[in-house]
Amino acid sequence: FPFPYTPYRIQEQFMEALYGALEAGRVGIFESPTGTGKSLSLICGALSWLRDWEEKRRQEEARLLALGAGGQDGLTPQQAPPGSADTAGQPDWVAAFVQKKEERDMLNRLKEEQIRRKKREDRLEEIRHNVHLKYAAKRKRCEEDEAKRLLQLSKEALSQGAGESALDQLDHNEKELILAEYESDDEKKLVSGLEEDDDDLEEEHVTKIYYCSRTHSQLSQFVREVQKSPFGKDTRLVALGSRQNLCVNEEVRSLGALQLINDRCMEMQKNKHEKKSNEENEGKKRCVSRTVCPFYSYEQMQFLRDEVLMEVQDIEQLVSLGREIKACPYYGSRFAIPAAQLVVLPYQMLLHEPTRNAAGIKLKDQVVIIDEAHNLIDTITCIHSAEVSGSQLCCAHSQLSQYMERYRKCLKAKNLMYIKQILYLLEQFVAMLGGNVNQNPGCQAVSQTGTVLKSINDFLFQSQTDNINLFKVQRYCEKSLISRKLFGFVERYGGPASAVKTNKENQKLAGLQNFLLTLQQGSDKEGTPQSPPMEAEHDQLQTASPLMQIEGFLSALTNANQDGRVILNRQGTVGQSSLKFLLLNPAVHFAKVVEECRAVIIAGGTMQPVADFREELLCGAGVDSARIVEFSCGHVIPPENILPIILCSGPSNQQLEFTYQTRDLPQMMDETGRILCNLCNVIPGGVVCFFPSYEYEKQVYGHWEKTGLLSRLAVKKKIFQEPKKASQVEQVLVEYAKCIKRCSQTGGQMTGALLLSVVGGKMSEGINFSDDLGRCVIMVGMPYPNIRSPELQEKMAWLDKTMPRAAGQAPSRVLIENLCMKAVNQSIGRAIRHQKDFASILLLDHRYTRPAIFNKLPQWIRERTQVKPAFGSAFAELRK
């Protein structure tokens, strides 16, 4: 394997196992602790396989073409293409003719493929070496823009004389709000917006690797690793992202909310196509410049695609390139998918089928690597669960009924029928929450509060909506773009009150009121009238069309009855109440990925415990256990660089057991404080202490403040607390690191800092406490999930019903332990980040010694863990 430096032995093992799994088309669960160079091993192992695979295919192709060119009669029997075997009862000459035809077709296909590949490679070569070409495209673009601007100016000068009436304009603007006749197929083209050059689009997808991770920063880091690797020069890589990350149109970007950005983008594309048909009467249409995106130019995006395939670029580089050549990176990067060898994308994009299809990702016979996959099951569950509040339901109902009233005369019967069905669904859903759609959701009190769980079928029967075909409604929403039209309608006519105005005078008035309102709001960023501040609830909902959320909920209801539950959450008022769909069986949505792909690799730094991936996700998705491979490697640090201790009792011999019943006792909180005080006296640098929840951390902190223990701690370490707001995390971490650095340089009484964190919070994942930032990680108690939550109880019941018992334990019990230990493993894995790092890990709770729990620690930590019944001997070990 080519590698930028001499790999560790475990990296070699990792790459060998990975290569084997890809070659054999397996589903692999790969674990390699952070700090062991997992990304590089993934890159070098997977791309080595891809290179060999392409080489093999080329040789095979060349051999077949040579045979064909040599005019040999037929291929030798073992090379006969599948399906050409002599079919029983056919005369020999027929079979021979069929075989001949199949061979000819295959040869022609191979030739075409070769020509296409040659063309693509030549084009990239040409761009690589021809600087003039690069700038020609840019110059052409600037000239076009200038010509357009002059044309626009002259037209405006002409029309000023004509004194165009605002009414005509309003009518034109309104036309686009009316739903097109449903059942037409031309929408397909309208949405994809790519009808310009169809033959170019149908580009064949080469064998490729899809690499997914959780966040954009993890993806950027991965792309940088590829750039540094031996494959950095000649790999065709494309990074995909959301419009929020890739849009370069400032007007659209400034909308902020993802849903709004998506909406505006789609609307601008639609305008582009309408604009084409309206080119001749453009003089009348003054709003052109605002509604068409200047970056959505087919030629420029083709150019961007070639640039992207030519050299490896991460998302930041892609965006600046898009700005420079005035091409949309979001669509340009999608054009590059077919020819790319490595596609890097956030895993929500790959795991959600509609998003996958929209992006043009084809998984057939491709390789998928899912990195940072320790919470893959939760991710799939979240992506496919959906929640709508009572106020969203009421708001959507009010908007949709006003829309229907206004355009009733222009809408075709099919449209009206579907709108009425959606309105009926909304009414019934609100009734299920104990409310009425025609009253203000914020003022209707709910009589029976609490949470009720129902199966999908029960929910549909009880809400009397089982007679409506949700699949058809869902398809209608998708095809007719109704939520987008509704959003445009609400945007134009502001709040719920000002929407129903019938005669033209009133329309003008409403428009004027809205205009004055925007002025008074300091000309809101959107550049569109905002709804008047009707009720507090409506304000937050105006951020995106509530019907969008509801479409997600409707499509969730089309899951199979046994795979999910509907949760009715009735709180104070109807507006605060909500309906939530909870997916119980993530395997149904993962099955598609596993079936279509050649190989799937699920990788992470800490995958322990692995059982739930195997049982719940893979076996549940119908993967044959013979196809599953597991690989786990140790750490690269020497054994003496890590000291994990399970501590069963504190300095005053108080047994450590942080259950819900005992952890609030003053003596438990005092004992925890004493342990920390002792440790902070001897441990240099940073100490990170994890609590099971924000509430408990706050409670303990308050108790220590009262007893004066906090000021004793503060003598040795400056104390930091994890903030609840994600935006403040960065700042706290910077201060924490600065303080540790300052103490190590100046010496003196204070030796560093103590960071009080929360398991599953902002600092337990993805943040490195390397070197002095984390010389000791302390875990207070066991972070079991809240067993009283209705969602968790339902999941436990479902597991007990559908999964086999493992080693005499009920699957629900195993789930609770797995959730707890996954969280622990994520948190304690933060301390050791590279080969020369060292740290101690302290688990405060005697329950960690139970075999079922102990065996779920990562192997490299488990092998070195010491169990200390008393504090004295543990303290002695730490001092050493």
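**Rings and charges**

Modeller: Arginine 663 has its charged end over the ring of tyrosine 696, 4.7 Å from the ring's centre. "Over" here means NZ of Lys or CZ of Arg within 6 Å of the ring centre and within 35 degrees of the ring normal.

Colleague: And which ring does the charged end of arginine 788 sit over?

Modeller: That of tyrosine 660, at 5.8 Å from its centre. Bear in mind this is a predicted model: local features need pLDDT of at least 70, side-chain atom pairs count only at pLDDT 80 or more, and totals for chains, interfaces and linings use all residues. Residues are numbered from 1 along each chain as its sequence is written, and side-chain values use heavy atoms, with hydrogens and water left out.

Colleague: OK, new topic. How many aromatic pairs are there in the whole structure?

Modeller: The search finds 19 (Phe, Tyr or six-membered Trp rings, centres within 6.5 Å; planes under 30 degrees apart are stacked, over 60 edge-to-face, the rest tilted). Take tyrosine 403 and tyrosine 407: the centres are 5.0 Å apart and the planes at 65°, so that pair is edge-to-face.

Colleague: Are those two buried or exposed?

Modeller: Both tyrosine 403 and tyrosine 407 are buried (under 20% relative accessible area; exposed is over 50%, partly exposed in between, with a 1.4 Å probe and protein chains only).

Colleague: What about tyrosine 418 and tyrosine 476?

Modeller: They're stacked, 4.4 Å centre to centre with 10° between the planes. Tyrosine 418 is buried at 6% relative accessibility, and tyrosine 476 is buried at 0%.
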